[in-house]
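Reader: I would like a close look at one part of this model, with geometry and cut-offs stated. Please pick a single element and go through its packing and its residues in turn.

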Amino acid sequence: MKLNELALANAVGITSSLSMLVLTGSGRMGFYSGAMQSMMQWHMFYGPSFGGLFWGMVETFVISFAITYAVAWFYNKLNK
């Protein structure tokens, strides 16, 4: 089975970005505030402000996209 690298990478990147949005919303309401603090330590551009959320979502999309694309590409090369 051949994977569509671009479609898979886009799906994972969008899902990761939306997960960060949900986590930030939950953290601002008082739930998962510890997880939100951890995200601020792990991601260079993430913060609880709108700008921090936006750039954190961009960062997580790019990282997730690149890793997923590379793994799917490698899988397709091995699966020939």
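Author: Helix α2 covers residues 33-42, and α1 packs against α2 with the axes 8 Å apart and at an angle of about 125°. Axes are lines fitted to C-alpha atoms, for helices over the stretch in contact, and the angles run from 0 to 180 degrees between N-to-C directions. The structure is a predicted model, in which local features need pLDDT of at least 70 and side-chain atom pairs count only at pLDDT 80 or more, while totals for chains, interfaces and linings use all residues. Residues are numbered from 1 along each chain as its sequence is written, and side-chain values use heavy atoms, with hydrogens and water left out.

The helices are DSSP runs of H or I with at least four residues, strands are runs of E with at least two, and both are numbered from the N terminus. By this rule the protein has three helices and zero strands, in the order α-α-α from the N terminus on.

At their angle, α1 and α2 are therefore oblique to each other. The term covers what is left once angles under 35 degrees are called roughly parallel, over 145 roughly antiparallel and 65 to 115 roughly perpendicular. The crossing of α1 past α2 is left-handed. A crossing has that hand if the near helix is turned anticlockwise from the far one by less than a right angle, and is right-handed if clockwise.

From α1, the residues in this contact are Met 20, Leu 23, Thr 24, Gly 27 and Arg 28, and they meet Ser 33, Ala 35, Met 36 and Met 39 of α2. Contact means heavy atoms within 4.5 Å. By class, the residues of the contact of α1 with α2 are five nonpolar, three polar and one charged. Here Ala, Val, Leu, Ile, Met, Phe, Trp, Tyr, Cys and Pro count as nonpolar, Asp, Glu, Lys and Arg as charged, and the others, Gly among them, as polar.

Gly 27, found in α1, has a relative accessible area of 9% and therefore counts as buried. Buried means under 20% relative accessible area, exposed over 50% and partly exposed in between, with a 1.4 Å probe and protein chains only. With neighbours within four places in sequence left aside, Gly 27 contacts Tyr 32, Ser 33 and Met 36. Its C-alpha is 22 Å from that of Val 12, a residue 15 positions away in sequence.

Tyr 32 is exposed at 59% relative accessibility. Its phi is positive, about 55°, although Tyr 32 is not a glycine. For comparison, most residues other than glycine have a negative phi.

The other partner of α1 is helix α3, residues 50-78. Helix α1 itself spans residues 5-28, and the two pack with axes 7 Å apart at an angle of about 150°. They are therefore roughly antiparallel to each other, and α1 passes α3 in a right-handed crossing. The contact of α1 with α3 has 14 nonpolar, 10 polar and one charged residues.

Two residues of α1 show this side in detail. Ser 17 sits in α1 and is buried, with a relative accessible area of 8%. Beyond its neighbours within four places in sequence, Ser 17 is in contact with Met 57, Thr 60 and Phe 61. Asn 10, also located in α1, is partly exposed at 28% relative accessibility. Not counting residues up to four places away in sequence, Asn 10 touches Phe 61 and Phe 65. Asn 10 and Thr 68 are 58 residues apart in sequence, with their C-alpha atoms 8.7 Å apart.

Val 71 belongs to α3 and is exposed, with a relative accessible area of 54%.

Around this helix, the whole chain reads as follows. The C-alpha trace spans about 50 × 20 × 15 Å along its principal axes. Of the 80 residues, 30% count as buried. Contacts between residues 24 or more positions apart make up 54% of those with a separation of 6 or more.
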